[in-house]
Amino acid sequence: MLSRSTRLFPVLAILGSLISYYFPQLFIGYKSFIVPLLVLIMLSMGLTLTVEDFRNAFKQKYAVVLGLIIQYTVMPFGAFLISLALGLDKSLMLGMVLVGSVAGGTASNVMNYLAKADVALSITMTALSTIVGVVLTPFLTDLLVGATIHIPVAAMFYSLLKIVLLPVIVGLILNHYFHRAVARASSILPLISMLAIVLAIMIIVALNAHQLKMVGPIIFVAVILHNGLGLTLGYWVSRLCGFNHKVSKTISFEVGLQNSGLAAALSIKFFSPLSAVPAAIFSIWHNISGSMLAGYWSKDRTSRVGASVSNGDR
């Protein structure tokens, strides 16, 4: 079960960001730690997964498929359109599109737990979107901004295999064959992921402290609009497709909360620190908005039932 200590995530992310913004020299030297931290997060995620989680994908296949479709249409294309509307420069637009093109973040699992949504479905969707994203992230990034910025699609694909897919598979295998040992450590895995994400955010903010002063509030507006778009359409498209309140809450978080740490790592590895700014801000904001929404939804006494369809997964 997800640790309640992760409720501190937004507070720690904000405090850490402020510290690294005002004292960037303390963290700039740790730039090379970003990718290993992300690998640790992905390994922790893999350790929470079981073969049964993937079997659940077939039990709730319609919800999973809908979530993936919304995830990889609304978020990347929404990021692109918001960037155009606000007149963001090429680097910031690239950063926005990368955030929109990556998989759902592990924060969605925490928020779904706090919101009394379907955690098993959330974990399944996060895992599958992560695997699918290995191919779709470089493809969508190239599709949307490849005309103005060179996107190293093949290099990004191989990096995603090493940074994302391999650690998740290793974690899954370890959990399968050494389940008892992993289960004893399961209570601290969300905390480890949380601290790793916070540290990665601090390093990213430190690397961009000077740029943040120049960028101004427009990038904050872009990130808030992007996150709000994902949360809103994730919920209401699901409701319009006949899914009940509980499943729609789950899809909302899966769509609106992105693996922004991965987007930041890809930005810094292949592009520029400036292109990582949207991801750094998204990392902070989506945990604040997600926590507020989870708090509101956690007060639901019962899940309102929507229309039913075959297989009982709506």
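# Why these labels? A chat about a predicted model

Me: V164 is found in helix α8 (residues 153–177). Since this is a predicted model, I'd like to follow the reasoning behind its labels. Is V164 called buried or exposed, and why?

Reply: V164 has a relative accessibility of 1%. Buried means under 20%, so V164 counts as buried.

Me: What does V164 touch, leaving aside neighbours within four places in sequence?

Reply: V164 is in contact with M42, T130, S159 and L262. As for L121, 43 residues from V164 along the chain, the two C-alpha atoms are separated by 20 Å.

Me: On to L49. Where is L49 placed, and what makes L49 buried or exposed?

Reply: L49 lies in the loop between α2 (34–47) and α3 (51–59). Its relative accessible area is 0%, and the cut-off for buried is under 20%, so L49 is buried.

Me: Which residues does L49 touch, not counting those up to four places away in sequence?

Reply: L49 touches F54, I123, A127, V168, L172 and N175. Take I123: L49 and I123 are 74 residues apart in sequence, yet 7.6 Å apart in space, C-alpha to C-alpha.

Me: What about F220: why is F220 given the class it has?

Reply: F220 sits in helix α12 (residues 218–240) and has a relative accessible area of 40%. Buried is under 20% and exposed is over 50%, so F220 falls in between and is partly exposed. F220 and V277 are 57 residues apart in sequence and 9.7 Å apart in space, C-alpha to C-alpha.

Me: Now the aromatic rings. How many aromatic pairs are there?

Reply: The count comes to seven aromatic pairs.

Me: Why is the pair of Y21 and Y22 called edge-to-face?

Reply: The ring centres of Y21 and Y22 are 5.1 Å apart, and a pair needs centres within 6.5 Å. Their planes stand at 85°, where over 60 degrees is the mark for edge-to-face, so the pair is edge-to-face.

Me: And what accessibility class does each of these two tyrosines have, Y21 and Y22?

Reply: Y21, at 24%, is partly exposed, while Y22, at 57%, counts as exposed. The cut-off for exposed is over 50%.

Me: Which residues do ring pairs link into a cluster?

Reply: Ring pairs join Y235, W236, F253 and W297 into a cluster.

Me: How do you know that the charged end of K269 sits over the ring of F270?

Reply: The charged end of K269 is 5.7 Å from the centre of the F270 ring, and the distance limit is within 6 Å. The rule also asks for a position within 35 degrees of the ring normal. K269 is listed as sitting over the ring.

Me: What makes helix α6 mostly covered?

Reply: In α6 (residues 107–114), eight of its eight residues are buried. These buried residues pack against α7, α13 (245–256) and α15 (277–297).

Me: Last one: how do α5 and α7 pack?

Reply: Helix α5 (residues 90–101) and helix α7 (residues 119–145) pack at about 145°, with axes 9 Å apart. The residues of their contact divide into seven nonpolar, three polar and no charged. On the α5 side, M93, L94, V97, L98 and S101 meet T137, L140, T141, L144 and V145 of α7.

Technical notes: Residues are numbered from 1 along each chain as its sequence is written. This is a predicted model: local features need pLDDT of at least 70, side-chain atom pairs count only at pLDDT 80 or more; totals for chains, interfaces and linings use all residues. Side-chain values use heavy atoms; hydrogens and water are left out. Axes are lines fitted to C-alpha atoms, for helices over the stretch in contact, and angles run from 0 to 180 degrees between N-to-C directions. Helices (H or I, at least four residues) and strands (E, at least two) are DSSP runs, numbered from the N terminus. Contact means heavy atoms within 4.5 Å. Ala, Val, Leu, Ile, Met, Phe, Trp, Tyr, Cys and Pro count as nonpolar, Asp, Glu, Lys and Arg as charged, and the others, Gly among them, as polar. Buried means under 20% relative accessible area, exposed over 50%, partly exposed in between (1.4 Å probe, protein chains only). Rings of Phe, Tyr and Trp (its six-membered ring) pair if their centres lie within 6.5 Å; planes under 30 degrees apart count as stacked, over 60 as edge-to-face and the rest as tilted.
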